[in-house]
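Student: Before we discuss this protein, could you show me the sequence and the model together, so that I can follow each residue as we come to it?

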Amino acid sequence: MMVAEAGILVRAPLETVREAVLDPDSYTKYETKVGAVEVRERYEDGLLALIHGSLGPFRSAILARYTVHGDDVDLQMLVGRLRAFHAVFRMAPLDGGTWLVHREEYDFGYGPFGPFLDRMLHRWAVGTVQAEVRALRRAAEGRVAATSGASMTDAPVTAGRAVTGPPSESPAPNRERED
């Protein structure tokens, strides 16, 4: 299984960051692997969406359920080319904003070729996760600027880069889920 993770400080309240995570425009408006998101259904605790994107040089689509668990958002692939795909967006309030960690787990299902494929695509996957947290930061900080009456050019888009590291280095708590 291949894992890619990145985290970033977002200068926005946690609720605003969660709204950005659940807004399809947050991914398609900026440079990410996501080309289009079709929301099929909205629920009180999340949504069901068909996500069109690219996996390296390959175009693909997955049907996924986004579910809100406390401060976090869980994304589970229901249908797609991969054997399994799971992602989580962990959020924790910090002074000056919200720490956002995005983690993606891929199981390509290619038997003995899986580890080779994991190594081949890992750098790309980490780069796409970093691009997504930067896009979510821009979307959330843009919402804050819009509600404060500032123009987008005045938006306090943070200059910090997305950081990667093991989950233990993340300030976002690793909560146990109750299912």
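Tutor: We will need one term: a polar contact is a pair of N or O atoms within 3.5 Å, of which, within protein, one must be able to donate a hydrogen and the other to accept it. Please keep in mind that this is a predicted model.

Student: Which backbone oxygen lies 2.7 Å from a polar atom of the side chain of Thr32?

Tutor: Thr32 sits in the loop that runs between helix H2 (25-28) and strand E2 (34-43). Leaving aside its neighbours within four places in sequence, the residues in contact with Thr32 are Ala131, Glu132, Ala135 and Tyr27. The backbone oxygen found 2.7 Å from a polar atom of the Thr32 side chain belongs to Tyr27.

Student: Is Thr32 buried or exposed?

Tutor: The cut-off for a buried residue is under 20% relative accessible area. Because the relative accessibility of Thr32 is 15%, this residue counts as buried.

Student: How many of the 8 residues of helix H1 are buried?

Tutor: Helix H1 covers residues 14-21, and its buried residues are Leu14, Thr16, Val17, Arg18, Ala20 and Val21. The helix is therefore largely enclosed by the rest of the structure, the number of its buried residues being 6 of the 8.

Student: What pattern does the protein chain follow when read along the sequence?

Tutor: The protein chain has 179 residues, of which 48% are buried, and its elements are 3 helices and 7 strands. Read along the sequence, these elements give the pattern β-α-α-β-β-β-β-β-β-α.

Notes:
Residues are numbered from 1 along each chain as its sequence is written. This is a predicted model: local features need pLDDT of at least 70, side-chain atom pairs count only at pLDDT 80 or more; totals for chains, interfaces and linings use all residues. Side-chain values use heavy atoms; hydrogens and water are left out. Buried means under 20% relative accessible area, exposed over 50%, partly exposed in between (1.4 Å probe, protein chains only). Helices (H or I, at least four residues) and strands (E, at least two) are DSSP runs, numbered from the N terminus. Contact means heavy atoms within 4.5 Å.
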